[in-house]
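Here are my notes for you, in numbered points. Keep the 3D view open while you read, and look up each residue as we get to it.

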Amino acid sequence: MPQVPQTLDALAVRTWCGLALEALGRAREEIDAINVYPVADGDTGTNLYLTVESAAAAVEAVFAGYETVAAVVPTGSAPTGAVSTGVTGVTGVGLPTLADTVRAMAHGALIGARGNSGTILAQLLRGMAQVLAADGDADGEAHGEAAHTDGQALRLALRQAADSAREAVAHPVEGTVLTVAAAAAAAAAEAATGTEGDCGTVACAAYEGARAALVATPGQLAVLERAGVVDAGGRGLLAVLEALAETFTGESPGAGRVTGEIHARVHGTDGVHGTDRVDVDGACVDGRPGDDGPAFEVTYLLEADDAAVARLRARLDRLGDSLVVVGGDGLWNVHVHVDDAGAAVEAGVEAGRPYRIRITHFGLGDAHTAGAAGRPPRERAQRAVVAVVPGEGLAGLYAEAGATTVLARPGEPPASGELVEAVRRAHAREVVLLPNDADLRHTAAAAAEQARTEGVRVALIPTRSAVQGIAALAVHESERRFDEDVVAMTSAAGATRYAEVAVAERQSWTMAGICQAGDVLGLIDGDVAVIGSDITATAETVLDRMLAAGGEMVTLVLGDEAPESIAAHLEARVRESYLAVDTVVYRGGRQGALLLIGVE
């Protein structure tokens with residue numbers, strides 16, 4: 001049997017993350033299949049896997065950084081705080097400290113957290129890191145190397161993890177991953193008595209305590225009992241704790257028996273079963289029978305101080321449910337289920353700087369409609385729209401129209417993988433993809449091709465601006481044939497001329513002449529057509545040029561930095577100078593451009 005670590009050091013954390021990712025990979029489909037709470041959207045296993053994948057990648061990045069140092073630093077020139085590798089020729093370099101490693105793990109989980117359970121798992125890992133990093137820093141200062149922690153430190157870390165996760169949830173519910181985490185911490189505390197230094201004993205006790213608590217979850221949560229399953233988030237945590245025990249013992253405590261034994265104890269059977277879909281008729285958020293629940297899941301990362309986050313929690317708690325806010329030190333991950341997605345995003349804007357915003361419209365197969373529609377969970381919607389949008393306000397607008405959105409902040413265009421993930425979240429047989437940016441056409445094409453290999457029929461409409469996407473979405477009808485819908489949306493987008501008003505960042509040659517930094521630029525169909533000094537006057541000139549060729553509808557999307565009076569001025573201009581032309585105004589938030597203009 002290969003040598004296993006006896007103490008919780010940087011290498012042990014690395015091993016744990018790798019084993020946890022493998023365990024969740026094996027259990028992902030099973031966990032997805034039993035996902036009925038708080039929403040039966042069948043993605044808990046996938047969300048937990050993606051969360052741990054991000055944590056493991058962050059840990060690997062830290063090790064890669066130190067390995068690079070090991071390749072270039074001569075023997076005997078080790079940086080302060082590095083640990084001995086035990087390999088001749090690179091003594092003193094090559095391994096990060098425990099504090100660096102657990103901080104990376106927690107940060108990776110925080111920025112990569114997906115869904116309700118993934119967000120809670122991120123806080124569990126952060127809670128552990130708070131204890132282990134503090135120990136590592138203290139010991140590192142005293143001894144010049146990373147701390148090697150024992151069973152007592154692991155016990156304290158698991159306790160802090162359970163407590164901090166419970167505090168992060170607005171309304172903790174028993175019979176969930178929180179209950180399983182608390183049971184694991186309690187069992188670890190009991191095992192740690194008299195076993196100082198034995199991480200394996202503590203980890204195995206935590207696993208067994210979690211397993212016993214998981215089996216009991218149907219008796220604590222009615223929706224689980226009706227469906228005949230254990231809590232999916234708790235099952236995912238059990239896989240993570242199984243990996244922790246395997247890290248220190250070299251053997252999986254639940255190898256080959258976890259799923260069958262849990263099923264047998266829940267159902268009173270011999271444990272032989274598959275991963276068939278479960279019956280969740282009547283299941284709903286927070287176990288409230290008859291409550292249809294919110295329509296949207298909203299998540300985002302947020303840069304804000306503690307006081308602003310406290311106010312945000314209170315506001316989001318009034319807007320919806322399943323509220324989880326995790327993180328700290330200025331960076332937070334926010335998760336909530338709401339009916340007004342725009343209001344949830346606006347609350348984040350008021351609190352600080354939200355980014356990586358994801359808004360998911362719960363499909364017809366989730367718990368909110370399973371009882372009314374009589375359908376099993378995870379039935380794919382027939383058709384969905386996935387759109388890239390440049391601002392938080394537009395993200396809310398698109399989501400309210402039923403689209404799954406991907407936020408593209410200035411200078412942060414989404415990668416094809418993010419678009420593929422959005423297609424998966426849309427969970428539909430047919431998807432219309434709106435890149436809303438000429439520069440994203442190839443990225444979107446790559447994402448569409450990837451989604452097609454997964455069995456999704458994807459049509460890419462080459463929208464070059466969010467206003468073209470609005471026009472396409474306005475004529476979208478999921479009831480008609482896919483080809484007809486795509487043709488209608490493409491026609492509407494193509495019939496919409498687009499423009500934007502922005503401020504030049506530097507001197508540059510343009511189609512309209514040389515601009516200087518600070519000049520106001522009016523771009524029509526992607527080219528600079530007007531250079532001015534006043535925002536409102538430049539916008540009016542752009543609008544006049546666009547309407548000179550005719551038009552029936554003007555769409556104005558205001559950025560946060562646009563003058564307050566610009567919308568009223570342009571509306572009056574259209575009303576007074578162009579008969580039978582309607583104007584609609586939206587607020588786009590932090591969208592990069594001061595103003596987006598569309599003319600249909």
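1. Leu154 touches Leu8, Met128, Cys199, Val202, Ala203, Leu244 and Phe248, leaving aside residues up to four places away in sequence.

2. Now for what you're looking at. This is a predicted model, where local features need pLDDT of at least 70 and side-chain atom pairs count only at pLDDT 80 or more, while totals for chains, interfaces and linings use all residues. Residues are numbered from 1 along each chain as its sequence is written, and side-chain values use heavy atoms, with hydrogens and water left out.

3. The overall picture: the chain has 20 helices and 16 strands. Those are DSSP runs numbered from the N terminus, with helices being H or I runs of at least four residues and strands being E runs of at least two. Of the 600 residues, 54% are buried. Buried means under 20% relative accessible area, exposed means over 50%, and partly exposed is in between (1.4 Å probe, protein chains only). If you take contacts between residues at least 6 apart in sequence, 72% of them join residues at least 24 apart.

4. In the largest nonpolar core, with 86 residues, Trp16, Met105 and Leu154 touch the most other members. H1 supplies the largest share of this core, twelve residues. A second, separate core has 48 residues, including Val338, Val385, Ala387 and Val486. By nonpolar core I mean a set of buried Ala, Val, Leu, Ile, Met, Phe, Trp, Tyr and Cys residues joined through side-chain atoms within 4.5 Å.

5. Next, the sheet. What is the strand order in the open sheet of six strands? The order is S13-S12-S9-S16-S14-S15, and the pairing is mixed. S13 and strand S15 (582-589) each have a single partner strand, so they stand at the edges with one side left without a neighbour in the sheet. From one strand to the next, the twist averages 20°. For angles like this, axes are lines fitted to C-alpha atoms (for helices, over the stretch in contact), and the angles run from 0 to 180 degrees between N-to-C directions.

6. Follow the pairing strand by strand. Strands count as paired if DSSP finds at least two bridges between them. S16 (residues 595-599) runs antiparallel to strand S9 (residues 497-503), with five bridges joining them, and Ala499 stands opposite Ile597 there. Strand S14 (residues 553-559) is also antiparallel to S16 and joined to it by five bridges; look for Thr555 opposite Gly598. S9 and S12 make an antiparallel pair with five bridges too, and in that pair Ala502 stands opposite Leu521. Helix H20 (residues 566-577) packs on the sheet, touching S14, S15 and S16, and its direction makes about 170° with that of S14.

7. Zoom in on S16. Are its faces covered or uncovered? Both are covered, with Leu595, Ile597 and Val599 buried on one side and Leu596 and Gly598 buried on the other. In a regular strand the side chains alternate between the two faces of the sheet.

8. Some backbone spots deserve a click. Tyr37 and Pro38 are joined by a cis peptide bond, with omega about 0°, and Pro38 sits in the loop between helix H1 (10-33) and helix H2 (44-72). Asn436 isn't a glycine, yet its phi is positive at about 55°. Asn436 belongs to the loop between strand S7 (428-434) and helix H16 (441-453) and is buried, with 8% relative accessible area. Asp525, also not a glycine, has a positive phi of about 50°. Asp525 lies in the loop between strand S12 (520-524) and strand S13 (527-532), and at 28% relative accessibility Asp525 is partly exposed.

9. Finally, the cysteines. How many disulfides are there? The count is zero, where a disulfide is a pair of cysteine sulfur atoms within 2.5 Å. Cys199, one of the contacts of Leu154, is buried at 0% relative accessibility, whereas Cys204 is partly exposed at 26%.

Conventions: Contact means heavy atoms within 4.5 Å.
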